[in-house]
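Hi everyone, thanks for making time for this. I'd like to walk you through a helix pair and then a sheet, so let me put the structure up.

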Amino acid sequence: MSQEKLIEIKNLKTFFNTEAGIARAVNDVSFDIYKGEVLGIVGESGSGKSVTSMSINRLIPNPPGEIVGGEIFYKGKDLLKYSYEQMSEIRGKEISMIFQEPMTSLNPVLRISSQMNEILVKHEGLIEEEATKKSIEMLKRVGIPEPERRIYDYPHQFSGGMRQRVMIAIALACDPKVLIADEPTTALDVTIQAQILDIVKRLRKELGMAIIWITHDLGVVAGIADRVAVMYGGFIVEQAPVKKLYSTPKHPYTQGLLSTLPKLEGERTERLESIKGQPPDLHNIPDSCPFAPRCIHVSEKCQNENPRLEMTDPEHQVACWWNTEKENYSS
Amino acid sequence: MNNSSETLLKVENLSKHFPITKGVFRRQVGTVKAVDGISFEIKERETLGLVGESGCGKSTAGRVILQLYPATSGNVVFRGVEITELSPEKLRLQRPKMQMIFQDPQDSLNPRMTVGDIIGEPIIEHQFHKGKERREKIEQLLKSVGLNPKYTNRYPHEFSGGQRQRIGIARALALNPDFIICDEPIAALDVSIQAQVVNLLEDLQDQLGLTYLFISHDLSMIRHIADRVAVMYLGVMVELASSKSLYGNPLHPYTQALLSAVPVHDPEKEQKRERIILQGDVPSPANPPSGCRFRTRCPIAESQCAEKIPEWREKKEGHWVACHKVS
């Protein structure tokens with residue numbers, strides 16, 4: 001992995017104005033994405049993982065959402081200062097996205113050909129015929145049989161897995177530097193998920209783009225990511241290379257999550273570990289640690305002050321007072 | 001848990017076909033064979049896991065067993081009573097013993113009813129308790145699923161997903177059932193909440209002596225909760241065995257592929273794992289392949305698989321499989 005920073009996110013804050021008040025969906029999040037790496041962002045619903053990724057591409061619906069603070073640098077330039085026109089030059093060409101539900105992200109009344117060609121005509125300046133040729137090649141790459149014929153079909157003529165392949169083909173048509181994948185396999189069956197993961201891994205080798213893979217599935221991330229960021233209540237609570245995160249998780253939430261999962265191999269556990277309580281209400285994020293009400297290591301400090309993501313270890317970072325104190329104690 | 005215990009439910013050759021109709025006169029142009037001749041037994045106090053991909057018929061199977069859909073053919077015998085042929089009145093008397101927990105607690109709870117009314121409705125319908133006694137029963141049910149008994153006057157939207165699923169469980173328990181079909185009860189919940197609900201279901205099973213049919217697509221969770229596991233593909237059962245032998249020694253190529261496709265939360269193992277990647281999608285149940293239904297995606301299919309339907313046979317004691325290639 002080269003150390004060239006592609007995206008640098010600093011203190012990103014994205015809030016939503018709702019009837020119940022301001023929801024702090026992303027609350028001061030900072031991280032980097034390097035060229036060619038796969039960053040997994042893991043979290044439960046409402047942890048802010050999707051909002052983070054949509055903020056990068058400036059896809060937050062406004063109103064109700066708004067990026068209220070922070071900077072997002074792409075190759076050194078702050079995307080938050082870009083105009084709408086400048087942003088549409090970035091989307092699809094430099095940073096593409098695939099979403100969870102491929103039915104809703106494809107236009108049901110347009111043939112696949114026009115949806116695929118659109119982006120090639122816009123960004124690459126190809127004429128329709130060249131674009132069709134390139135689109136067919138992309139469909140072949142994602143494993144759609146008979147692409148010459150299928151390209152003239154409508155989205156409803158494809159199955160869920162096939163539609164997600166079409167989405168991937170569209171997303172990668174202009175050879176983007178970053179692919180943001182927001183739970184792209186969640187709606188699919190496991191055998192289809194395995195197919196999609198296989199395709200993405202192969203294309204990543206062939207095309208060398210960086211990937212931000214957003215999921216709630218710790219198994220999927222284990223197989224695809226180089227580095228993982230764990231989100232909770234709008235914060236990143238832990239960030240580490242994938243093997244480190246799974247072998248020595250530091251944050252009590254990460255530890256809890258990993259131990260709640262039933263295993264497919266080895267001894268069968270009699271009783272699952274569980275994290276007590278409920279995820280936090282985003283309208284009501286206190287100044288304390290967001291995980292404090294559910295944490296088994298909670299101390300007084302956790303209830304008064306929110307820990308920051310400690311940058312002490314360049315590889316493995318954690319936002320937790322319990323960890324900070326443990327380290328102070330041992331050193 | 002106990003091998004010697006008695007059979008609670010026996011399903012024989014159960015089928016459910018849905019007609020496909022066309023035109024103003026709703027002329028029938030085909031049939032979706034959602035469930036096509038499945039047979040199994042569930043013993044008292046046992047948990048049978050039913051797994052398969054979407055569209056394999058696992059939820060339809062659950063609903064036909066409870067007679068929420070009338071069966072097209074086949075028998076369901078519950079404690080010696082054949083329930084597919086009962087009159088509506090007699091079936092109604094059986095209902096309290098068999099309950100269901102649904103996948104999405106958002107959709108399966110009436111948003112205009114209070115929690116007390118939701119849980120109390122089956123009690124009123126079947127006239128189990130009245131007045132103060134009923135209120136006490138509702139409070140006791142809420143307590144047993146880990147909710148505050150003071151919540152009876154709240155509405156479902158005031159609860160989180162995990163809590164709503166607990167309300168669904170309390171409603172299923174209201175009539176003191178013996179058998180509960182859990183249809184993907186944790187699929188809509190967050191990971192940290194799933195374990196809470198599964199632990200609750202296991203505790204209730206121990207306390208009340210319940211029998212579960214646990215329908216899920218989550219193979220890791222099924223391994224944890226089920227004593228025996230049945231695997232369905234396109235309306236038929238392809239394998240049935242104890243949890244230990246199904247996961248330790250899967251015989252059917254579909255089960256093998258399914259297990260190898262499940263991501264494991266261990267990067268060391270996950271990145272080295274050999275995967276069986278199945279080609280293509282699940283075929284349409286309106287027009288299933290001839291012979292073995294899995295043959296179009298099967299990595300080891302032969303010509304005989306297209307001609308003959310594989311026999312459902314007991315390969316080893318308690319390990320059933322339907323495949324020509326398993327010798």
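Let's look at helix α4 of chain A, residues 112–124, and helix α7 of chain A, residues 160–172: they pack with their axes 9 Å apart, at an angle of about 25°. Keep in mind that this is a predicted model. How do the two helices run relative to each other? Angles under 35 degrees count as roughly parallel, so α4(A) and α7(A) are roughly parallel to each other. Their crossing is right-handed.

Now, which residues make the contact? On the α4(A) side you'll find Ile112(A), Gln115(A), Met116(A) and Ile119(A), and they meet Val166(A), Ala169(A) and Ile170(A) in α7(A). If you sort the residues of this contact by type, six are nonpolar, one is polar and none is charged.

Let's move over to chain B. Here we have an open sheet of eight strands, and the order is β6-β7-β8-β3-β9-β10-β12-β11. The pairing in this sheet is mixed. Who stands at the edges? That would be β6 (98–101) and β11 (313–316) of chain B; each has a single partner strand, so one side of each is left without a neighbour in the sheet. From one strand to the next, the twist averages 20°.

Let me zoom in on one pairing before I hand over. Strand β3 of chain B, residues 47–51, and strand β8 of chain B, residues 211–216, pair in the parallel sense, over five bridges.

Technical notes. Residues are numbered from 1 along each chain as its sequence is written. Chains are lettered from A and ligands numbered from 1 in the order in which they are written. This is a predicted model: local features need pLDDT of at least 70, side-chain atom pairs count only at pLDDT 80 or more; totals for chains, interfaces and linings use all residues. Axes are lines fitted to C-alpha atoms, for helices over the stretch in contact, and angles run from 0 to 180 degrees between N-to-C directions. Helices (H or I, at least four residues) and strands (E, at least two) are DSSP runs, numbered from the N terminus. Angles under 35 degrees count as roughly parallel, over 145 as roughly antiparallel, 65 to 115 as roughly perpendicular and the rest as oblique. A crossing is left-handed if the near helix is turned anticlockwise from the far one by less than a right angle, and right-handed if clockwise. Two residues are in contact if their C-beta atoms, placed from the backbone, lie within 7 Å. Ala, Val, Leu, Ile, Met, Phe, Trp, Tyr, Cys and Pro count as nonpolar, Asp, Glu, Lys and Arg as charged, and the others, Gly among them, as polar. Two strands pair if DSSP finds at least two bridges between them.
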